[in-house]
Amino acid sequence: PQVGLLLTVNVFSAALLQGTTGRLVDRLNQRHIIIGTSLLAAVYMALIPEVNGFWVLLGVILLNGARAAMNGNSASALMVVEGRKFGMGSTMAMFSFGIAIAEGLGPVVPGALVDVLDLRAAVYTCSVAFLVGALLYA
């Protein structure tokens with residue numbers, strides 16, 4: 001039940017913070033937020049295997065919910081800006097395609113790493129992927 005609770009808190013904390021982070025994203029540079037939240041995701045992923053105790057992990061996951069909400073709202077806001085230039089339907093189609101590919105293929109590499117090596121290898125690889133993504137976007 002603890003794993004389920006942690007996953008639920010991760011998703012619901014992001015959901016509950018949508019309005020607050022959305023207003024914040026409207027006032028700040030979305031591109032900088034995406035870079036910053038991607039760097040925070042790299043730190044978050046690297047922290048997971050190092051955290052000792054359920055309650056500390058729950059706190060880290062709550063913070064990740066805020067990070068995820070800001071990242072998602074920033075990406076969506078940028079899609080609106082790009083949609084005005086290239087067409088909203090085409091832009092949203094590419095955005096949705098990217099998310100679908102990430103959600104579909106994203107678990108494959110970490111899953112393979114867990115099978116071949118261990119959980120730490122998978123988590124640290126994800127951390128590096130977030131770091132590389134942030135640097136490429138910068």
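Predicted model: local features only at pLDDT ≥ 70, side-chain atom pairs only at ≥ 80, totals over all residues.
**Core**

I began with the largest nonpolar core and got eleven residues: Leu6, Val9, Tyr44, Met45, Val51, Phe54, Leu57, Leu58, Val60, Ile61 and Val123. Helix 1 (2–16), helix 3 (30–47) and helix 4 (54–86) are the elements that each give two or more residues to this core. Helix 4 gives the most, with five. I then looked up Val60: leaving out residues up to four places away in sequence, Val60 touches Tyr44 and Val51.

**Largest pocket**

Next I checked the largest pocket, and its volume came out at about 1,300 Å³. I found 29 lining residues, with Asn71, Ile99, Ala102, Glu103 and Phe130 nearest the centre. At least two lining residues come from each of helix 3, helix 4, helix 5 (88–105), helix 6 (108–116) and helix 7 (119–137). Helix 4 has the largest share here, nine residues. I sorted the lining by class and had 18 nonpolar, eight polar and three charged residues.

**Second largest pocket**

The second largest pocket holds about 240 Å³ of space. I listed its lining as Val3, Leu6, Leu7, Asn10, Val11, Tyr44, Ile48, Leu57, Ile61 and Asn64. Two or more of these come from helix 1 and from helix 4, and helix 1 gives the most, with five. By class I noted eight nonpolar, two polar and no charged residues.

**Cross-check**

I went back over both lists for Leu6, Tyr44, Leu57 and Ile61: these residues are in the largest nonpolar core and also line the second largest pocket.

Definitions and conventions: Residues numbered from 1 in each chain as written. Heavy atoms only, no water. Core = buried A, V, L, I, M, F, W, Y, C linked by side-chain atoms within 4.5 Å. Buried < 20%, exposed > 50% of the residue type's maximum accessible area, 1.4 Å probe, protein only. Helix = DSSP H or I, 4+ residues; strand = E, 2+ residues; numbered from the N terminus. Contact = heavy atoms within 4.5 Å. 1 Å grid on protein atoms, 1.4 Å probe; cavity = no way out; pocket = protein on both sides within 12 Å on 5 of 7 lines; lining within 4 Å. Points joined across faces, edges and corners; volume = space filled by probe spheres on them. Nonpolar A, V, L, I, M, F, W, Y, C, P; charged D, E, K, R; others polar.
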